[in-house]
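The structure is shown first, and the description follows.

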Amino acid sequence: MWESFGFEFVNFYFIPGLVLGCIYALGAIGITLTFGILRFANFAHGEVMMTGAYVTWTIMAITGALFGWALHPLIAAIPSIFLMILVFFVVDRFFYKPFRKAPTIKVVMASFGMMLVIRSLVQILWGPNQITFVRGIAKPNGFIRELTGSLDMMILVPNKHFLIMAGTVVIVILLGYLLTSTRIGKAMRAVSDSPDLALVTGIDVEVVIRATWIVGGACAVAAGVFLAMDIQMLETTMGFRMLLPMFAAAILGGIGKPYGAVLGGLVIGLAEELSSYPWIGDSPLLSPGYKSGVAFSIMIVMLIVRPSGLFKGRTF
Amino acid sequence: MDQLIGYFLYFCSLLAVGGIYSLIALGLNVQWGFAGLFNVGIAGFVSIGAYTYALLTTDTSPLHYGGLGLPLAVGIVAAMIASGLISAIIGVICIRLRSDYLAIATIGIAEIIKLVLKNNSEITNGPRGINKIPRLWENFTEERFYNDWPMSWFASAETWQSIFSSLPRWWWQPCFALSIIIAVYVVYKLLEKLRLSPWGRMMTAIRENEPAAHAAGKNVTGRRIEAFILGSMIMGLAGAVLAMHLRLIEPTNTFDPSKLTFLVWVMLIAGGSGNNRGAILGSFLIWVIWSASEIVINVGIDVIGDFTNIHVGILSTRAGYLRMLLIGLLLQYILQKYPLGILPESRPTASSKT
Amino acid sequence: MNTDTPTLELKDITAGYGESEILHGINLKVKPGEIVAIIGPNGAGKSTAIKAILGLLNITKGSVLLDGNDITDTPPDRVVTKGISYVPQTHNVFVNLSVQENLEMGAWTRTDGIPERLDEMFTLFPDLREKRRQAAGSLSGGQRQMVAMAKALMVDAKVLLLDEPTAGLSPKYRGEIFSTIQDINSSGVPILIVEQNAKQALGCANRGYVLVEGTNRYEGTGKELLDDREVARMFLGGGE
């Protein structure tokens with residue numbers, strides 16, 4: 001059974017689906033928090049993901065050239081996170097804040113414009129061509145292969161995938177702690193629940209907004225770096241390609257519900273990968289060219305059937 | 001003299017492309033200005049129009065379906081119908097969504113349309129696209145047109161050939177540009193009539209105060225779908241004209257949403273959303289800025305290349321993105337400082353408080 | 001501090017939303033330790049008066065004074081730090097947060113003494129102590145109202161504003177709310193209530209104001225207004 005079905009299914013469809021799902025999940029966390037607390041769909045989120053990955057690579061390249069260090073992407077990602085949070089602050093202050101009290105459509109248009117501004121900046125600074133992020137072919141992790149092989153269910157997981165999944169778990173646990181056990185986290189949930197009530201309760205909404213950008217930014221950079229690790233390269237359309245599935249994940253999980261975003265991301269990632277599995281007969285259920293349509297279809301169905309999402313988030 | 005002709009032809013192409021963008025902007029204005037629909041999937045509807053026109057009017061080809069060689073007029077009308085049909089289906093499903101969600105949904109739809117065009121290679125020749133699309137006026141010089149009716153009624157093939165060889169090679173360009181301007185004018189006039197008609201006034205009422213309109217028993221959703229379809233049909237028309245202008249279309253780069261969708265939105269907002277005249281003005285204005293910036297940047301690159309050691313090649317590839325960056329910043333500036341655009345809307349009815 | 005200075009005062013307030021004017025020069029005072037009720041027909045501007053205090057709408061003329069200090073232009077989130085606690089009529093709890101978390105948010109502007117105040121609130125509202133970990137949205141209307149009030153009392157309020165606290169509640173809870181209001185007041189906190197339920201409100205208030213169409217119509221002690229024939233005819237006929 002494992003030989004004929006399980007091996008191929010788990011290693012080439014299921015696990016890649018989980019990995020993709022983790023990336024979507026992390027990106028969707030930022031989107032759902034922004035949607036819930038700032039009340040708008042931030043179209044520039046994908047570009048921040050991508051820029052975070054580019055900056056990480058640049059840090060790796062510079063430290064490699066100057067000091068001969070071979071920094072691991074996850075280490076180089078840390079200064080990148082700080083930088084991108086700063087970028088978020090600047091963008092918010094100059095381009096989003098003026099529309100805090102205006103109709104939502106204005107800030108959505110502004111974020112659409114920022115999407116292109118940021119992408120163009122990256123294209124100017126780093127050029128439009130693909131850049132190799134990590135060289136070489138990813139070999140399966142030996143320990144896991146041995147362990148599962150001895151159980152007759154061999155699982156091949158390249159280190160990079162293992163790191164991505166483990167990293168996502170760590171981030172989600174930290175996020176959960178933040179939201180349930182810290183004062184600022186509870187305030188974030190409160191503002192997401194009812195910004196008007198938060199205002200008259202005396203909660204400083206601008207502080208909460210800043211916290212949202214910090215958490216969202218950190219998750220976005222993590223998602224971007226993980227994506228770069230996965231496909232082992234950088235390109236300027238990376239962010240936009242992820243945008244639709246991330247929105248779909250946030251909507252699927254319920255706007256404003258971070259755990260929902262995580263679940264939504266995993267579901268969509270798995271759905272995308274599993275859609276090209278030959279469930280019936282020999283050819284893929286869905287032609288791989290249409291993979292990106294899967295996320296969109298799930299989203300449309302959710303919007304029509306149950307707009308509040310799985311975890312009963314906000315409906316506008 | 002040749003240089004003058006060069007400038008003249010450049011001017012014609014500015015008019016032509018500006019006109020195409022004007023058409024798209026007018027279509028978008030029906031959706032946004034009349035009905036308040038935030039459509040970010042413009043590129044999708046334009047591409048449907050373009051492909052429909054192309055498939056119907058190009059010559060038979062082993063690479064793709066169609067190639068029926070139908071008259072251009074049929075192709076244009078079919079383009080509008082195709083766009084309208086697809087938008088009708090989408091509209092019925094999505095029209096009730098709030099603006100953020102509608103934006104996301106329309107982006108998704110444009111993506112799906114692109115995927116369909118890219119993947120169905122037997123029909124559309126996939127990523128390689130369709131070429132040799134007949135261009136109005138220029139098509140008269142092609143053999144398959146003057147050999148056939150109606151041109152063959154007026155003169156024989158040889159007569160046509162000698163007429164065309166006596167004209168300057170570029171004779172069709174001003175004719176083409178003029179035709180587009182006329183089309184823009186006609187659409188503009190029709191839309192203005194529509195705006196002042198009972199339907200138009202109802203749309204204004206819905207946009208100003210939707211709950212009141214609902215309470216008065218108006219079928220808000222139905223009207224919105226109508227606006228959506230009408231706007232898409234105009235975009236389909238623009239798509240057909242775009243296909244004519246380019247003569248070669250393919251699914252990914254021709255209809256690049258960052259240029260097509262985004263630029264048109266900047267045009268509409270700059271010109272004055274809700275405003276047909278503003279749509280046209282904004283289109284030409286932004287298009288001129290876009291084209292002119294290309295020249296300015298190229299000149300700048302040459303200057304920099306002369307004074308420094310930076311390789312001109314690298315500069316020029318990256319400079320293209322500089323234009324997009326500046327337009328993006330321009331949009332932010334306009335959104336904050338001139339939210340009503342250059343030509344604020346003039347309301348036909350009495351003023352109401354916002 | 002001069003004990004004659006009212007804790008809260010509205011002087012000749014003209015205010016409204018955008019361009020429409022709802023309050024046309026009203027006056028009211030809450031003296032230290034008092035319970036003051038605002039009653040009147042729907043649309044009289046009762047809730048608007050409260051929102052004017054909080055800075056939630058446009059004040060074109062007049063001033064709002066807290067302990068004699070002008071707070072007319074203070075934005076809503078600063079108003080709490082100055083000592084005004086507000087319980088809105090609807091959406092007055094964070095439905096997705098637990099009862100305890102709601103109270104913790106109420107204490108946002110406090111720097112210390114939070115655990116002690118929490119304990120005090122749970123003693124004042126014993127039902128809430130056993131439901132402290134439940135989501136506030138899952139409680140009944142009356143219990144939710146209690147959470148809202150406890151939340152507002154997590155800070156050392158100089159004055160408490162209640163907007164229609166018994167709206168939509170069963171008679172049992174209505175009675176409980178009014179007795180809770182009197183308990184709170186007995187600890188020294190002045191309270192301003194806007195109420196539809198005129199009879200019970202005037203019954204527990206020291207003084208009352210009757211607002212009609214955005215202006216002061218009647219004024220007097222609770223008993224005076226209850227006994228007044230005009231007031232009785234207008235408002236007290238239909239209620240229980």
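Across which strands of chain C does helix 1 of chain C lie, and at about what angle does helix 1 run to strand 1?

## The four-stranded sheet

In this predicted model, helix 1 of chain C (residues 46–54) lies across strand 1, strand 2 and strand 4 (58–66) of chain C. The angle between helix 1 and strand 1 of chain C is about 105°.

These strands belong to an open sheet of chain C with four strands in the order 2-1-4-5, paired antiparallel. Its edges are strand 2 (20–30) and strand 5 (69–70) of chain C, each of which pairs on one side only. Between strand 1 (residues 8–17) and strand 2 of chain C there are eight bridges, in the antiparallel sense. Within chain C, Leu10(C) stands opposite Leu28(C) of strand 2.

## The six-stranded sheet

Another open sheet of chain C is built from six strands with mixed pairing, ordered 6-7-8-3-9-10. Strand 6 (84–87) and strand 10 (215–221) of chain C each have a single partner strand, so one side of each has no neighbour in the sheet. From one strand to the next, the twist averages 15°.

Strand 7 (residues 159–163) and strand 8 (residues 191–194) of chain C run parallel and are joined by four bridges. Leu162(C) stands opposite Ile193(C), a residue of strand 8 of chain C. Helix 6 of chain C lies across strand 6 and strand 7 of chain C, and it runs at about 170° to strand 6.

## The second largest pocket

The second largest pocket holds about 1,400 Å³ of space. It is lined by 47 residues, of which Ser194(A), Pro195(A), Asp196(A), Leu197(A) and Leu199(A) are the closest to its centre. From chain A, helix 1 (2–38), helix 4 (104–126), helix 8 (195–200) and helix 9 (205–231) each give two or more residues to the lining.

Which element gives the most to the lining of the second largest pocket? Helix 8 of chain A does, with five residues. By residue class, the lining divides into 23 nonpolar, 11 polar and 13 charged residues. Domain 1 (1–83 + 157–171 + 187–240) and domain 2 (92–155) of chain C each supply at least three residues to the lining.

Methods: Residues numbered from 1 in each chain as written. Chains lettered and ligands numbered in written order. Predicted model: local features only at pLDDT ≥ 70, side-chain atom pairs only at ≥ 80, totals over all residues. Heavy atoms only, no water. Pairing = 2+ DSSP bridges. Contact = heavy atoms within 4.5 Å. Axes fitted to C-alpha atoms, helices over the stretch in contact; angles between N-to-C directions. 1 Å grid on protein atoms, 1.4 Å probe; cavity = no way out; pocket = protein on both sides within 12 Å on 5 of 7 lines; lining within 4 Å. Points joined across faces, edges and corners; volume = space filled by probe spheres on them. Nonpolar A, V, L, I, M, F, W, Y, C, P; charged D, E, K, R; others polar. Domains from an automatic or database assignment.
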